[in-house]
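Colleague: Please show me the model, and then let us go through a few of its details together.

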Amino acid sequence: MDKQPLTARELDTFVQEASVAERWIRVGMDTGGIAAGAQEVYDALIEARDSSGLDIDIQQTGSIGLSYADPVVLVGGNDLPTLVLGDMDADSARELFAGYFRDGRLLDDRVIATKDRGTDFDGTQQQVILVKDTGDGDSHHRTTIFQNLIREDLEARGLDQKIAVVRALDMGLYHRGVCVQMLPSRVTYASVTGADIRRLVDESLRNGIVLDDLLVPGGDPQERISMRNCGSIDPSELESYLRAGGYQGLKRALVDMNPEQVIEELKTSGLRGRGGAGYPTWLKWKNTRGQESDRRIVICNADEGDPGAFMDRSILEGDPHSVLEGMLIAAYAIGADTGFFYIRVEYPLAVKRVQKAIKQCREAGLLGENILGTGFSFDAKVRFGAGAFVCGEETALIASIEGRRGSPEPRPPYPSIKGLWGKPTSINNVETLATVSAILEKDGNWYAGFGTEESRGTKVFAVTGKVRNPQLVEVPMGTPIRTIIEDICGGAGHGSPIKAVQTGGPSGGVIPVDKMDTPVTYEALLELGSIMGSGGMLVMDESDSMVDVAKFYLGFCVEESCGKCAPCRVGGFQMLSLLKKIHAGDGVVSDLDTLRDICVCMQTASLCGLGQTAPNPVLSTLKYFEHEYLDLVTTPETVTSNGKGRKHG
Amino acid sequence: MNADGELEKLVEWVEGVRKRVHEIAGEWQDEEGSLIMILHAIQDEIGYIPRGVANELAKATGISLARIYEVITFYTYFRLTPPGNHEIHVCMGTACYLRGAESIQAKLLQQIDLMKAAGGAKDDFQVDCVRCIGCCGLSPAVVMDGKTYGRLNPEDSPEILKQKPGV
């Protein structure tokens with residue numbers, strides 16, 4: 001790219017000229033992917049390509065969210081839909097390259113079937129059959145038997161050279177017996193028995209007839225808006241983002257709208273802050289804009305500290321420009337000239353990618369004076385956190401940027417009135433800003449079309465813990481928790497049934513398994529005594545002790561308490577002592593009442609969100625799993641969570 | 001090397017550090033919100049923030065030593081003492097905790113003690129618990145010298161120590 005500032009018209013040429021290479025491979029290289037060996041996979045692919053002389057585009061991308069299968073690669077070409085392969089390593093990368101692009105061979109136990117399933121063959125010749133036994137027991141053995149049976153049948157019909165039968169890593173279906181997915185049609189069958197194989201081959205593969213009794217209809221419950229480019233663009237290239245429609249939202253805001261109209265568009269969209277509190281984004285901007293001041297500031301809160309939440313890291317690593325674009329739009333709407341990314345120093349790759357994105361935008365004239373020739377000027381800078389969870393709280397965050405201890409201040413005044421250096425400041429979360437750029441690129445009504453009346457749009461969840469396939473999930477608000485945990489993530493994954501799901505991290509609560517049909521909205525989760533929070537969803541099974549989990553979260557808050565106000569400093573410490581005592585089996589029944597009393601005191605009297613919400617994990621485990629506490633304080637002999645028997649005197 | 005030679009080397013090192021502190025402070029002079037960024041830059045170079053350096057920084061920036069100490073001691077990332085040769089960070093995020101992070105930490109410490117007792121470890125390992133590193137899909141995970149090791153089995157976790165020279 002030349003170093004002349006980009007004009008609004010030039011932006012469009014990137015979108016118009018965007019073309020996808022005929023055959024390509026993308027390697028998911030976020031922190032998780034790299035930790036699992038994505039760099040080795042990438043290097044092996046590059047080496048294989050260079051020695052093969054084949055013209056294949058190999059690109060580094062962020063993560064598409066399938067953490068359980070890292071390292072993940074995406075493959076396009078051979079007239080098949082995009083293939084997702086997981087559990088890769090250098091050897092399988094070489095094998096994939098040599099096999100797939102030379103003669104269409106695919107690796108066994110790597111391909112992840114799509115949930116976006118087809119319903120007819122449209123007269124196309126199928127090339128690949130993915131097969132997997134999704135039942136319990138020795139499923140690998142059964143999968144191999146079915147693979148061989150289908151192969152034999154294809155051979156008998158002379159189709160074995162045309163159709164490959166490949167064992168899948170994951171079918172996107174669980175406890176549905178043997179499943180097959182045919183490509184390119186994506187038609188998927190479940191509960192396939194040995195007797196069905198002949199019909200599969202004769203009717204479906206030879207004559208293109210769909211077997212309705214086996215068909216699993218389509219429908220991926222996910223909707224990617226905040227994560228729209230994660231895993232599909234190169235996060236270290238501005239042009240890659242521009243070709244995907246990047247900075248079109250900014251252009252629309254700057255060229256076609258005034259700041260009030262931008263705020264109005266956000267109001268139409270119904271977007272609420274994705275950092276946890278769910279305050280309407282448009283209102284925050286309106287309040288900031290409404291302040292008389294010589295200067296206003298916008299901050300991106302990228303201090304993602306909730307244990308078990310990694311959506312912000314994934315977005316910053318996979319699509320940093322979408323967040324920067326959101327920040328530019330926010331700045332235009334509120335009339336800010338400076339923006340700060342406050343990023344956890346524990347996220348070095350995210351820091352690097354954001355710094356690079358800022359540098360690229362300065363060179364392209366998307367940051368600086370007179371952006372896109374519209375007279376709007378703005379610059380963005382990066383500031384690091386230093387390992388203090390409380391700095392995710394907005395007044396503490398401001399103190400930290402100002403070079404002070406991260407102690408929260410009482411609110412009001414809110415930062416929108418009196419923020420960084422006393423100037424009106426709008427603080428928005430990473431996911432919120434990545435969504436803002438999507439909303440401005442399309443429009444507010446489009447976004448409001450997802451989700452529920454009160455909770456519009458989509459939300460990213462990080463599903464972890466005792467679940468089969470831990471991953472990032474982006475679903476429309478209102479999707480039942482069960483759909484997320486069971487349909488998308490495969491349900492229990494460690495041999496024991498699911499007991500509860502914890503949402504909202506250390507500020508949230510547990511939701512017992514019998515309430516899993518609850519839709520995820522800000523309101524519904526509050527009603528259950530939990531919160532949306534930043535989107536962590538920790539799955540716990542019958543082997544996990546709820547008292548232990550409450551102790552874990554409270555211990556976290558006690559360590560992270562800044563110590564400024566007594567309810568949080570003293571109350572947290574006292575509660576933790578009680579929980580330790582109970583967990584060790586030395587508690588008495590009245591301890592539970594004391595716990596409840598301290599909880600109420602902390603909730604009411606603490607200065608900031610950390611102390612006010614720290615009791616939530618304790619209260620909600622007491623609400624739904626009081627028997628586990630009682631078992632520990634009343635039973636003369638108890639088996640504690642570490643499995644050791646213990647006797648009372 | 002004689003004692004004088006070592007002393008000269010030390011004086012030279014101190015002079016070098018003093019110069020760098022002023023250079024770093026100078027780079028950030030016109031920037032807003034710079035103190036924590038300066039401390040990061042110093043710790044990146046020296047590995048920790050010695051008292052003398054904090055004192056020098058106070059002179060270079062005009063920020064009082066008390067203020068600088070207030071900040072260094074508040075944020076867990078900043079260190080007042082030198083780190084070990086090898087830093088091991090055991091992730092204590094929720095997902096890792098549920099999958100045995102505590103027992104991984106115990107096993108690592110046990111193995112390091114054993115190695116020390118056997119005289120086999122020339123290097124110094126420092127084991128710390130850290131907040132969620134955001135690799136929950138790979139839980140339980142450990143970061144050693146910047147490289148992440150995921151999906152560890154608590155029983156086998158001490159194996160990662162063998163990846164380092166001096167062991």
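Colleague: Is A:W421 buried, partly exposed or exposed?

Modeller: This is a predicted model, in which local features need pLDDT of at least 70, side-chain atom pairs count only at pLDDT 80 or more, and totals for chains, interfaces and linings use all residues. Residues are numbered from 1 along each chain as its sequence is written, chains are lettered from A and ligands numbered from 1 in the order in which they are written, and side-chain values use heavy atoms, leaving out hydrogens and water. Buried means under 20% relative accessible area, exposed over 50%, and partly exposed in between, with a 1.4 Å probe and protein chains only. The relative accessibility of A:W421 is 31%, so this residue counts as partly exposed.

Colleague: Is A:F340 buried or exposed?

Modeller: By the cut-offs just given, under 20% is buried and over 50% is exposed. A:F340 has a relative accessibility of 0%, and therefore counts as buried.

Colleague: What kind of pair do the rings of A:F340 and A:W421 make?

Modeller: Rings of Phe, Tyr and Trp (its six-membered ring) pair if their centres lie within 6.5 Å, and planes under 30 degrees apart count as stacked, over 60 as edge-to-face and the rest as tilted. Here the centres are 5.9 Å apart and the planes stand at 65 degrees, so the pair is edge-to-face.

Colleague: How many aromatic pairs are there over all chains?

Modeller: Ring pairs also link B:F74, B:Y75, B:Y77 and B:F78 into a cluster. Over all chains, the count of aromatic pairs by this rule comes to 14.
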